[in-house]
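Trainee: I've got a model open and I'd like to talk through how it's put together. Can we go through it piece by piece?

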Amino acid sequence: MIIEGTHIKQIIDQTSFKAMNPAYKKTGFYLYSLDEKIVCFSSQNNFPKLPTPSTSCKVKMLSLQHLSSYKAHYNREATCIVRKLTSEKCEDDQVVNLETPNFISGFSADVGSLCKFHDIPFTCYIAYISDLDAITMKNILELLKNRLKVIERVNLVSNCLYNNSNLYI
C-alpha cells in the first residue's frame with residue numbers, strides 16, 4: 001500500500017498510524033509494517049527505491065494530486081474527485097477509471113510501471129483535491145477504510161480543520 005501526496009502527515013495524524021512507530025522513517029517518507037500489509041506514506045518529492053514486489057502481492061496506491069492538475073470537465077464546486085487506474089477487473093468498485101489525458105506521477109507511477117512490467121496486479125486511486133479541509137479529509141479516510149482497507153475506522157476529529165496555513169480551528 002502506497003499513499004503519496006503533500007498532505008501525508010495530516011493523514012497519519014488522523015488515523016491509527018499516529019500511535020504507531022514506523023519501521024522506517026526518513027524526511028517525508030514513513031514505512032509501516034502491519035500484519036500482512038506494508039504501508040508507505042510518501043511526499044511526492046521524497047521516495048526511496050524499493051525492491052520489486054512479489055508476484056503474489058496486490059499493490060494498492062493512493063495518490064493525492066491538486067485539483068488543478070485534473071484534465072477533464074468537472075463541477076467547479078467540487079473539492080475532491082477520485083479516479084482509479086488499475087490492472088485488475090473491479091466490477092464492484094464504483095470509482096470511475098482515470099480518463100485520458102490524465103496520468104499518474106511520482107512514486108505511484110514508478111511502482112505502477114514496475115507492477116505492469118512484472119504482471120503484478122495493482123490499483124492506483126488518484127484523489128484530486130483543492131485543499132485538505134474536514135470534508136475532503138473525511139472522503140480520503142473513507143477511501144482508506146472502504147477501498148484500500150488500511151484503517152478500520154475513521155478517526156476524524158470533527159473540530160479539526162486543515163488549511164494551507166496549518167492553523168487548527
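Trainee: Which residue in β5 does I3 stand opposite?

Mentor: Quick ground rules: this is a predicted model, where local features need pLDDT of at least 70, side-chain atom pairs count only at pLDDT 80 or more, and totals for chains, interfaces and linings use all residues. Residues are numbered from 1 along each chain as its sequence is written, and side-chain values use heavy atoms, with hydrogens and water left out. Strands (E, at least two residues) and helices (H or I, at least four) are DSSP runs, numbered from the N terminus. Strand β1 covers residues 2-4 and is joined to β5 by 3 bridges, the two running parallel. In β5, the residue opposite I3 is L62.

Trainee: And which residue in β7 is the bridge partner of V59?

Mentor: β5 is also joined to strand β7, residues 122-129, by 8 bridges, and these two run parallel. Two strands pair if DSSP finds at least two bridges between them. For V59, the partner in β7 is F122.

Trainee: How many residues of β5 are buried?

Mentor: Buried means under 20% relative accessible area, exposed means over 50%, and partly exposed is in between (1.4 Å probe, protein chains only). Strand β5 spans residues 59-66 and is mostly covered. Of its 8 residues, the buried ones number 6.

Trainee: What is the order of the strands in the sheet?

Mentor: It's an open sheet of 7 strands with mixed pairing. β2 (24-26) and β6 (80-86) stand at the edges with a single partner strand each, so one side of each has no neighbour in the sheet. Neighbouring strands are turned by 10 degrees against each other on average, direction ignored; the axes are lines fitted to C-alpha atoms, for helices over the stretch in contact, and angles run from 0 to 180 degrees between N-to-C directions. The order is β2-β3-β4-β1-β5-β7-β6.

Trainee: At what angle does α2 run to β5?

Mentor: Helix α2, residues 106-117, lies across β1, β3, β4, β5 and β7. Its buried residues pack against those strands, β1, β3, β4, β5 and β7, with contact meaning heavy atoms within 4.5 Å. The angle to β5 is about 150 degrees.

Trainee: Which residues of α2 are buried?

Mentor: α2 has 12 residues and reaches 17 Å from its first C-alpha to its last, close to the 16 Å expected at 1.5 Å a residue (the expected span is 1.5 Å times one less than the number of residues). After the helix comes D119, with a positive phi near 55 degrees. The buried residues are F107, S108, A109, V111, G112 and C115.

Trainee: Why does M1 count as buried?

Mentor: M1 lies in the segment before β1. Leaving out residues up to four places away in sequence, M1 touches I38, V39, C40, K60, L148 and V150. M1 and L62 are 61 residues apart in sequence, yet 8.0 Å apart in space, C-alpha to C-alpha. M1 counts as buried because its relative accessible area is 14%.

Trainee: How many disulfides does the structure hold?

Mentor: A disulfide is taken as a pair of cysteine sulfur atoms within 2.5 Å. C80 is buried at a relative accessible area of 19%, and C124 is buried at 0%. The number of disulfides is 0.
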